[in-house]
Amino acid sequence: SLKDPECMEQHPDTIALEMITDAEAEPFLALSDVESHRRTAVYKEHKKQLEERFRQILLAVYPKLEDHILSIDVSTPLSVDFYLKRTAIYGLPHTPERITNPLPRVVTKIKDFYLSGQDVTTGGWLPAVMSGALAASQILGYNPLDLMCGRTVIGGMYKVEGPPSNTSL
């Protein structure tokens, strides 16, 4: 990993690459005995097809990598289930209704209770960070017009007096 200097010293000119996509669990569940973790030949063949498809996609973007790929490992929702005891690596399902909702829901029906995290917008660490900015914007009273006028959350952070005391909660 680029984050580990010792790894770069031990393995110069080598890098790991990760490609992630969303997949429904049901088709994979039908190809395997989930309880025993035994994978059928059809499941294994499907993984090989996925591996080749990912390879094609990668090489379409980075064709010079073709002679440098040492290994490819494909995980499926069943792989995730083996380690996490659930079939999804991210939180809520990525449904069209959720993705196309124009208003991320940081505000709740509970007074002064706001949400943040990947499930406010969409999956991943960057959307989780952005949801924190959305929550802060809501708490500080910002709206989309403020952004167009140059008023930002970072600029307004000096207005935050600090965390509430236990007695004020």
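Reader: What percentage of the residues in the protein is buried?
Author: Buried means under 20% relative accessible area, exposed means over 50%, and partly exposed is in between (1.4 Å probe, protein chains only). Here, buried residues are 17% of the 169 in the protein. This is a predicted model, in which local features need pLDDT of at least 70 and side-chain atom pairs count only at pLDDT 80 or more, while totals for chains, interfaces and linings use all residues. Residues are numbered from 1 along each chain as its sequence is written, and side-chain values use heavy atoms, with hydrogens and water left out.

Reader: How many helices and strands are there in the protein?
Author: Helices (H or I, at least four residues) and strands (E, at least two) are DSSP runs, numbered from the N terminus. The protein has eight helices and two strands, and along the sequence they follow the pattern α-α-β-β-α-α-α-α-α-α.

Reader: How much space lies in the largest pocket?
Author: Start with the general idea: rolling a probe the size of a water molecule over the atoms shows where empty space is left. On a 1 Å grid over the protein atoms alone, a pocket is an open set of points with protein on both sides within 12 Å along at least five of seven lines, and lining residues have an atom within 4 Å of a point. Grid points are joined across faces, edges and corners, and the volume is the space filled by probe spheres set on the points. In this model the largest pocket holds about 1,500 Å³. It is lined by 43 residues, and the closest to its centre are Glu 18, Met 19, Ile 20, Asp 73 and Ser 75. Helix H2 (26–29), helix H3 (41–61) and H4 each give two or more residues to this lining.

Reader: Which classes of residue are in the lining of the largest pocket?
Author: Ala, Val, Leu, Ile, Met, Phe, Trp, Tyr, Cys and Pro count as nonpolar, Asp, Glu, Lys and Arg as charged, and the others, Gly among them, as polar. The lining has 24 nonpolar, 12 polar and seven charged residues.

Reader: Is Asp 73 buried or exposed?
Author: Asp 73 counts as exposed because its relative accessible area is 73%. It is in the loop between H3 and H4, and its C-alpha atom is 9.5 Å from that of Lys 48, 25 residues away along the chain.

Reader: And Leu 58, buried or exposed?
Author: Leu 58, in helix H3, is buried because its relative accessible area is 13%. Leu 58 and Met 19 are 39 residues apart in sequence, with 8.6 Å between their C-alpha atoms.

Reader: Which residue forms a salt bridge with Asp 112?
Author: A salt bridge is a side-chain nitrogen of Lys or Arg within 4 Å of a carboxyl oxygen of Asp or Glu. Asp 112 pairs with Lys 111, and their closest N and O atoms are 3.0 Å apart. The structure holds one salt bridge. Asp 112 and Lys 111 are both exposed. Asp 112 sits in the loop between helix H5 (96–100) and helix H6 (125–139), and its phi is near 60°, a positive value in a residue other than glycine.

Terms used:
On a 1 Å grid over the protein atoms alone, a cavity is a set of points where a 1.4 Å probe fits but cannot get out, and a pocket is an open set with protein on both sides within 12 Å along at least five of seven lines; lining residues have an atom within 4 Å of a point.
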